[in-house]
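Dear colleague,

I am passing on the structure below, and after it I set out what was found in it. Please read the notes with the structure open beside them.

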Amino acid sequence: MSDITVRPMAATDADRVLEIYQMGLDGGQASFETTAPTWAAFDTGRLPDHRFVAVDDTDRRLGWVAVAPISTRAVYAGVVEHSVYVDPGDQGRGVGRLLLQALVASTEAAGIWTIQSGIFPENAASLALHRRAGFRDVGVRERIGRHHGRWRDVVLLERRSPAIA
């Protein structure tokens, strides 16, 4: 893993970030979405200070993580929802763990107290990654949405910052 580093995401990462996103969507276990957004939509919907890419020693992008606010209400200013995607060929190398560590550090430094995510119960690898990173299961949102014509459940996970009261 010493050849993997995490750095802030830049606009020059757009094509590869969206490619990795689409690969995750094509796997069928990552999201209710089926098509990655345009870069403009991705850029507009995610907080710029909390987007990272993992790269190898050749600067090949291996994965990414980003957050979006869950609400515009001031009371929820410290709560975000995140997404983390790793190229399928690079899974199992610790990329997701490094991305989540960078995300936790940046959100805590900014006063964000809760990171949440909804994960399909069938996505065992993502659930294990998040649990190892300090996320806890809040509950299962049963039949919360339709995906490829069938109802899907989502496990709601959250990480509450111990550093922010």
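**Aromatic rings and their surroundings**

Phe 32 counts as partly exposed, since its relative accessibility is 29%, where buried means under 20% relative accessible area, exposed over 50% and partly exposed in between, with a 1.4 Å probe and protein chains only. Please bear in mind that this is a predicted model, in which local features need pLDDT of at least 70 and side-chain atom pairs count only at pLDDT 80 or more, while totals for chains, interfaces and linings use all residues. Residues are numbered from 1 along each chain as its sequence is written, and side-chain values use heavy atoms, with hydrogens and water left out.

Rings of Phe, Tyr and Trp (for Trp, the six-membered ring) are paired if their centres lie within 6.5 Å, and planes under 30 degrees apart count as stacked, over 60 as edge-to-face and the rest as tilted; by this rule there are seven aromatic pairs. In one of them, the ring centres of Phe 32 and Phe 120 are 5.0 Å apart and the planes stand at 80°, so this pair is edge-to-face. The two residues are 88 apart in the chain, with Phe 32 in the loop between helix 1 (14-26) and helix 2 (39-45) and Phe 120 in the loop between strand 5 (114-119) and helix 4 (124-132); helices (H or I, at least four residues) and strands (E, at least two) are DSSP runs, numbered from the N terminus. Phe 120 is buried, at a relative accessible area of 3%, and Arg 152 lies over the face of its ring, 3.7 Å from the centre, where a charge sits over a ring if NZ of Lys or CZ of Arg is within 6 Å of the ring centre and within 35 degrees of the ring normal.

Trp 64 and Tyr 85 form a stacked pair, with 5.0 Å from centre to centre and 15° between the planes. Trp 64 belongs to strand 3 (residues 61-69) and Tyr 85 to strand 4 (residues 79-86), so the pair ties together parts that are 21 residues apart in sequence. Over the ring of Phe 42 sits the charged end of Arg 46, at 4.2 Å from the ring centre.

**A buried arginine**

Arg 51, in strand 2 (residues 51-55), counts as buried at 7% relative accessibility.
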